[in-house]
Amino acid sequence: MLTVKNLSKRFGSLTAVDSVSFRVQPGEVFGLLGPNGAGKSTTINMIVGVLVPDGGAVEINSGGSPVDPGVRRNIGNAPQSLAIYGDLTAEENLRFFGRLYGLTGARLRERVDWSLELAALTDRKGDRVDVFSGGMQRRLNLACALVHDPSLVLLDEPTAGVDPQSRNMIFEKIELMKSEGRAVVYTTHYMEEAQRLCDRVAIIDHGRILDLDSVDALIDRHGGISNITIELDPDAAIPTDLPGRIEDHFLRLESDRPLEQIAQISARGLVFRSLHVERPDLERVFLNLTGRRLRD
Amino acid sequence: MHAVFTLALKDILQLWRNKFGLFWVIAFPLLMALFFGSIFSGGGSAVRTMKIAFIENQSSDAQAFLAELQRSEVLDIRPMSLDSARASVARGRLTAYIQFIQADARQASVWSPSKDSIQVGIDPSRKAEAGYLQGLISQAYFARISRKFTDPQEFRKEMNRSLESMDSAYGLSAEQKGLLRGAFTQLDTFMSSVNAADSASAHAGNPFGSLNLSFTDVANVTVGPRSSWEITFPQSLLWALIGCAATFALSIVMERTHGTYLRLRLAPISRLQILAGKGLACFLSCVFVCTTLMAFGAIVFHVKISSVVLMSLAIISAAFCFVGMMMLISVLGKSERTVMGSGWSILLIFSMIGGGMVPLMFMPPWIASLSNLSPMKWCVLAFEGAIWRGFAFADMILPLAILWSIGFVGFFIGTIVLIKSES
């Protein structure tokens, strides 16, 4: 569906994107995870053909260039900044963008209705967008990217500044897109979102992909050990040869195989009052890869 | 073209919803035309009157002369004493006063009626009004004499007075006096058979033919505006064009700053199509607003368009010129504030020297020369050419060619700068 090969872009002395390569398959949600200024949006803009790369290539649907209008018809993009017209209604926005992609007549009506439903804005379709809440505008921004029924969808920080309800709704729509077989490229600096939605994630910083794999694989490789806290029965005797350290009646230990470790302790007949396992996440992966936190 | 029209319709819809933009595009130019048109026309399209005093005089000749003066629509006459009239003229409340001084009745006759004298009091600096008033007075005075001639009763009184003078005249022999008396008697007999109505209707054939002063309407062949509205409406068209150019230039910047331009760029259309859509929206808005304002001026204020074809060409050319200027203005900066500030500044300066504020015809020569550098001057010239300058197509070629050239150059440079700023 999408192949990015050694993509590079410089702005003066700044290397915004440095030899970025990845592939995205139909029905896959691919995440670009990195802090602000890491090169995610620049990469997206080169994928959609708005920016001309200094090096490398983008191929869509087996060799098509995004500069080709025929190829662009298959791309839907929801930019990070709201790319909708505030003085038009939701329906007018969708009709306008649908027409730009060549939709007319019954097909246009059908897609506009579908998009309004997707954005849960059917009952507000005649209202001007500038009276919408931030979440509604974000949903419309997403719907405008999908009105022409693209097979490749690029979502650049689609949940920036939205309320939890709208965020969940956007997540549901992305999962729907995935189930429909669309390829989705999702850029975010929220590791929770990448962890929840993405089949594979590329960790990007200073324009370079540091690693790329499934979330579990990335955590296994770079997440480090899990922190385990077991609250033991204070009335029972606590063996002194347990791994980790005992603080009061809490056993604290670190392990790269937490489930096996817990099973071994439990096999010794100890009674657990509570158990807490803090598994490493993408935040930890990023920290271990770059020495910085995602939101630094 | 489908995409270009889609883009243009969207922009026009946005303009229609933008009340602030609409004010600058339609309401402000119209207010300019109405405001300055009213000032220059003295309050309306009605004939402007000259207020004068007529020094009180109860004699029949003075009253007859006054009656003749009052026939003029242009004069607003107030009878008053000489002192009051002098004071009013001196203070500028009245333009002038007229005093009718009747000649000695025994000396005046139908053959020598010019013994009466008329004095006019007027500020010597008001030369134009003085000349105009002189014409009106002459018209009224000779009209009065003409009536004397054509009224049989008046004429017979004059003849009797002449017979009395003849009897006492020296140097005439008795035979000559007898011949003249016979002639006058026959004339008197003839006049007594003529009634006044017949005489009036036969006025043109009066054998004594008094001064036959008459006016015939002749179309004004000199070049000049027929009313102040014909000056202010071309200016209002210019302001409408400025409003359109500024509004659409701002809309391009807003597309860029709000991210919608990026989404347009992602659509399967070329950059040229996007800009053509903007240009088309600006062009159609310019043409629509100019046509609406011109139609309003023609219907309500009787602005007479000498050539509709040339006017259409002028509007189309001016609209194209402003599309180019709109593109240039849109790339003056990357923020809305920069483009609005610098764009309006440039447009206002061009407008100032180009006839948008002071009409071209009132400009001192050095500014008139400077105005050649302003696209606004060529717009106004083209509009005025089609309205009152009496331009033929050949006269229009230069302003139209300049407007199209500016449009092309502006659009080209604006597009290049926009493309460069994106890469």
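Predicted model: local features only at pLDDT ≥ 70, side-chain atom pairs only at ≥ 80, totals over all residues.
## Rings in chain B

Counting all chains, the structure has 19 aromatic pairs. In one of them, the ring centres of Phe23(B) and Trp24(B) are 5.3 Å apart and the planes meet at 80°, so this pair is edge-to-face. Another pair, Trp229(B) with Phe233(B), is tilted, with 6.5 Å from centre to centre and 55° between the planes. Where do Trp229(B) and Phe233(B) lie? Both sit in helix α9 of chain B, which covers residues 229–258, and they are 4 residues apart, about one turn of the helix.

Phe23(B) is partly exposed at 34% relative accessibility. Trp229(B), on the other hand, is buried with a relative accessible area of 5%, and Phe233(B) is buried with 0%. Ring pairs also build a cluster in chain B: it links Phe20(B), Phe23(B), Trp24(B), Phe28(B), Trp239(B) and Trp344(B).

## Charged pairs within each chain

Side chains of opposite charge can pair when their charged atoms come close. Over all chains, the structure contains 30 salt bridges. One joins Glu28(A) to Arg200(A), with 2.5 Å from N to O. These partners come from distant parts of the chain, 172 residues apart: Glu28(A) is in the loop between β2 (14–24) and β3 (29–33) of chain A, while Arg200(A) is in strand β8 (residues 200–205) of chain A.

In chain B, Asp11(B) has a salt bridge with Lys10(B), where the closest N and O atoms are 3.0 Å apart. Asp11(B) also forms a salt bridge with Lys278(B), with 2.8 Å between the closest N and O atoms. Asp11(B) belongs to helix α1 (residues 2–17) of chain B and Lys278(B) to helix α11 (residues 271–300) of chain B, so this pair ties together parts that are 267 residues apart in sequence.

| Residue | Relative accessibility | Class |
|---|---|---|
| Glu28(A) | 8% | buried |
| Arg200(A) | 24% | partly exposed |
| Asp11(B) | 3% | buried |
| Lys10(B) | 4% | buried |
| Lys278(B) | 5% | buried |

Chain A also has a network of salt bridges, which links Arg107(A), Glu110(A), Arg111(A), Asp149(A), Glu180(A) and Arg182(A).

## Where the chains meet

Now let us turn to the interface. Here 29 residues of chain A are in contact with 21 residues of chain B. How much area do chain A and chain B bury between them? The value is about 2300 Å², with 62% of it on carbon and sulfur atoms. On the chain A side, Arg72(A), Tyr85(A) and Leu100(A) lose the most area to chain B, and together they make up 26% of what that side buries.

Across this interface there is 1 salt bridge. Arg17(B) and Glu92(A) form a salt bridge, their closest N and O atoms being 2.7 Å apart. There are also 11 residue pairs in polar contact between chain A and chain B. On the side of chain A that touches chain B, α2 (69–72), β5 (75–78), α3 (90–100) and α5 (134–146) of chain A each supply at least two residues. α3(A) gives the most, with 5 residues. By type, the residues of this side are 17 nonpolar, 6 polar and 6 charged.

How values were computed: Residues numbered from 1 in each chain as written. Chains lettered and ligands numbered in written order. Heavy atoms only, no water. Contact = heavy atoms within 4.5 Å. Buried area = accessible area lost by both parts, 1.4 Å probe. Salt bridge = Lys/Arg side-chain N within 4 Å of Asp/Glu carboxyl O. Polar contact = N/O pair within 3.5 Å; in protein donor to acceptor, adjacent residues only side chain to side chain. Nonpolar A, V, L, I, M, F, W, Y, C, P; charged D, E, K, R; others polar. Phe/Tyr/Trp six-rings, centres within 6.5 Å; stacked < 30°, edge-to-face > 60°. Buried < 20%, exposed > 50% of the residue type's maximum accessible area, 1.4 Å probe, protein only.
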